[in-house]
Amino acid sequence: MSHHRLDRRDFLKGAAVVGVAAAPTLGVAAAGAATLTQVPAPLPPAEAAGYTYLKPAEAEFVEALADHMIPRDELTNSGTEIGIATFIDRALAGSWGKGDRLYMQGPWLEGTANQGYQLPLTPAELYRAGVEGSNAYCRNAFGKDFARCTTDQKETFLKDLAADKISLGGGLPGRAFFTMFYGNVMEGLFADPIYGGNKNKAGWKMIGFPGVMANNAENVKTYSDGKKYIADPLSIADMS
């Protein structure tokens, strides 16, 4: 999330790639991101396949969130153009969203900050409650749902959510919801396009990531001094 493009560029340049070619696993960007000189042309609209899990109001929230956190600028197209909302919807509809790998037996005690996710909700359930609670909060604070808020209002809400200053409906901690969807947005930007996000490999091209081929050692040596590297990345689908 960023309301300054320079802040976003610095973040993407300074972060490290973690599992960018994998299914839902937090993936942030690598060093040496190439700075483009022109705003990319809008991607062609995706086929109207609809969403599997997200209800209309939830889809509206996720799309607005993706476009706020990943705005269309000289680095990338917008979050929805890249397919981040599609990525999140597929993840929520699948085994990850159903909490197949989460321990869901309880007891549900309040954990410390370094213990990670501790709520008795599957990711899909957390999104459903989180979106409802977020829209209710925004209606109370700004008079409208999150998707219809101004850029500054969205930024204020998300910053307070990240700082754990907001408790959503039923005492749901805002930071838990923020932490989950922030990771999902990053995953949707950098995961393999086969999972619905990173359309046209936009995230990979932005940072010069070669994709699924593990033969980039020589390029790392050649371009480690900050020299611009333009990748032609390969995805899982390209190898099929």
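The following questions and answers go through a predicted model of one protein chain.

Trainee: What should I know about the model and its numbering before reading any values?
Mentor: Residues are numbered from 1 along each chain as its sequence is written, and side-chain values use heavy atoms, with hydrogens and water left out. This is a predicted model, in which side-chain atom pairs count only at pLDDT 80 or more, totals for chains, interfaces and linings use all residues, and local features need pLDDT of at least 70.

Trainee: How many helices and strands does the protein chain have?
Mentor: Helices (H or I, at least four residues) and strands (E, at least two) are DSSP runs, numbered from the N terminus. Along the sequence they follow the pattern α-α-α-α-α-α-β-β-α-α-α. The secondary structure comes to 9 helices and 2 strands.

Trainee: What percentage of the residues in the protein chain is buried?
Mentor: Buried means under 20% relative accessible area, exposed means over 50%, and partly exposed lies in between (1.4 Å probe, protein chains only). The protein chain has 240 residues, and the buried share of them is 42%.

Trainee: Which residues does Phe177 contact, leaving aside its neighbours within four places in sequence?
Mentor: Contact means heavy atoms within 4.5 Å. With those neighbours left aside, the partners of Phe177 are Phe61, Leu126, Tyr127, Gly130, Val131, Ser134, Leu161 and Leu168.

Trainee: At roughly what angle do the axes of α2 and α5 cross?
Mentor: Axes are lines fitted to C-alpha atoms, for helices over the stretch in contact, and angles run from 0 to 180 degrees between N-to-C directions. Angles under 35 degrees count as roughly parallel, over 145 as roughly antiparallel, 65 to 115 as roughly perpendicular and the rest as oblique. By that scale α2 and α5 are roughly perpendicular to each other. Their axes come within 10 Å, and the crossing angle is roughly 75°.

Trainee: How many nonpolar, polar and charged residues are in the contact of α2 with α5?
Mentor: Ala57, Glu58, Phe61 and Val62 in α2 meet Tyr127, Arg128, Val131, Ser134 and Asn135 in α5. Ala, Val, Leu, Ile, Met, Phe, Trp, Tyr, Cys and Pro count as nonpolar, Asp, Glu, Lys and Arg as charged, and the others, Gly among them, as polar. The contact therefore divides by these classes into 5 nonpolar, 2 polar and 2 charged residues.

Trainee: Is Glu58 buried or exposed?
Mentor: Glu58 is in helix α2. Not counting residues up to four places away in sequence, Glu58 touches Tyr53, Arg128 and Val131. With a relative accessible area of 7%, Glu58 is buried.

Trainee: Which residues of α2 and α6 make the contact between these helices?
Mentor: The axes of α2 and α6 come within 11 Å and cross at roughly 95°. That makes α2 roughly perpendicular to α6. The contact is made by Ala64, Leu65 and His68 of α2, together with Thr151, Lys154, Glu155 and Leu158 of α6.

Trainee: Which elements do the buried residues of α4 pack against?
Mentor: In α4, 7 of its 10 residues are buried. They are Ile84, Ala85, Phe87, Ile88, Asp89, Ala91 and Leu92. These buried residues pack against α2, α3 (79-82), α5 and α7.

Trainee: Is Lys201 buried or exposed?
Mentor: Lys201 is in the loop between α7 and α8. Its phi is near 60°, a positive value in a residue other than glycine. At 16% relative accessible area, Lys201 is buried.

Trainee: What distance separates the C-alpha atoms of Thr76 and Leu189?
Mentor: Thr76 is found in the loop between α2 and α3, and it is buried, with a relative accessible area of 2%. Thr76 and Leu189 are 113 residues apart along the chain, and their C-alpha atoms are separated by 9.7 Å.
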